[in-house]
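Please keep the sequence and the structure in view while reading.

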Amino acid sequence: MLWSAGLASAWPGPTATGRIDSVANIFERLGLRQRLMAILAAAGLITAIIVGLNLYELSVLQHLSQEQREADRVSASMHDTTLGALRVANVLSSLGLDLDDDDRRQALTEGEAMLQLFEESTTRIMPILRQVFDPAEQKVFDQALTEIKEAWPQIRQDSTLGQQDTLRWQLTALLSSVEQ
């Protein structure tokens, strides 16, 4: 049904090939109810597209958030390991000083605890270091850790026995080998 007789005379109708002249003419043939339904359907489709894009954006943001949390965890592990290494170095250097027996025992106890924490934190960051270091650097790092672990019992024994000269020599040798 057309709205008015004037529109009926303006309607071009199909061409000789049987096709309608333009898409705009289709809307002229539709009634008000069909036009509103078409507009609502188009609005629903556009809304669905916008919601879909927003959901995709949220999933991307969630993925980026997970990556950020992982990077924060790695950073905290690296920070803890660095602090552990500095504390071990501090304890080792304090053992080279002339300390009284109580201070020496305290330094040894603290050194034992710091070395244990350092070993634990190093174990946590090893997968990260394997990605960062090339094989030669990884070998040097592993060798330095092994030397520190192997030297600690001898350092503790020399410190307990009060052999300061031997202790200083061992600390110097350890630091020079780890420095490489």
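## A charged pair along one helix

Arg73 and Glu70 sit three residues apart in helix H3, so they are separated by about one helical turn. In this predicted model, the two residues form a salt bridge, with their closest N and O atoms 2.5 Å apart. Arg73 counts as partly exposed, because its relative accessibility is 45%, and Glu70 is also partly exposed, with a relative accessible area of 37%.

## The other salt bridges

How many salt bridges does a search of the whole structure find? The search finds three. One of them joins the side chains of Arg124 and Asp80, with an N to O distance of 3.9 Å. This pair links distant parts of the chain, since Arg124 belongs to helix H4 and Asp80 to helix H3, 44 residues apart. Arg124 is partly exposed at a relative accessible area of 45%, and Asp80 is partly exposed at 39%.

A salt bridge also brings together the side chains of Arg105 and Asp102, at 2.6 Å from N to O. These two residues are three positions apart in helix H4, and therefore about one helical turn separates them. Asp102 is exposed, with a relative accessible area of 52%, which lies over the 50% cut-off for that word.

## The chain as a whole

The protein chain contains six helices and zero strands, and its pattern along the sequence reads α-α-α-α-α-α. Of its 180 residues, 22% are buried. Among the contacts with a separation of 6 or more, 59% are between residues 24 or more positions apart. The chain exposes about 12900 Å², and carbon and sulfur atoms supply 61% of this area.

## The nonpolar core

The largest nonpolar core has 18 residues, and the members that touch the most others are Val88, Leu92, Leu95, Leu115, Trp152 and Ile155. Helix H3 (32–95), helix H4 (101–132) and helix H5 (135–161) each give two or more residues to this core, with the largest share, nine residues, coming from H4. Leaving aside residues up to four places away in sequence, Trp152 touches Val91, Leu92, Leu95, Leu108, Gly111, Glu112 and Leu115.

The buried residues of H3 are Ser77, Thr81, Gly84, Val88, Val91, Leu92, Ser94 and Leu95. One of these, Thr81, is touched by Thr122, a residue of helix H4. Thr122 counts as buried because its relative accessibility is 4%, and, with residues up to four places away in sequence not counted, Thr122 also touches Phe141 and Leu145.

In helix H5 lies Gln138, which is buried, with a relative accessible area of 9%. Its contacts, not counting residues up to four places away in sequence, are Met126, Leu129, Arg130 and Phe133.

Which residues make a nonpolar surface patch of about 680 Å²? The patch is made by Val51, Leu55, Tyr56, Leu58, Val60, Leu61 and Leu64. Val51 lies in helix H3, and with a relative accessible area of 44% it is partly exposed.

Conventions:
Residues numbered from 1 in each chain as written. Predicted model: local features only at pLDDT ≥ 70, side-chain atom pairs only at ≥ 80, totals over all residues. Heavy atoms only, no water. Core = buried A, V, L, I, M, F, W, Y, C linked by side-chain atoms within 4.5 Å. Buried < 20%, exposed > 50% of the residue type's maximum accessible area, 1.4 Å probe, protein only. Helix = DSSP H or I, 4+ residues; strand = E, 2+ residues; numbered from the N terminus. Contact = heavy atoms within 4.5 Å. Patch = residues over 30% accessible without salt bridge, like charges linked within 9 Å, V, L, I, M, F, W, Y side chains within 5 Å. Areas by Shrake-Rupley, 256 points an atom, 1.4 Å probe, with all protein chains shown as cover. Salt bridge = Lys/Arg side-chain N within 4 Å of Asp/Glu carboxyl O.
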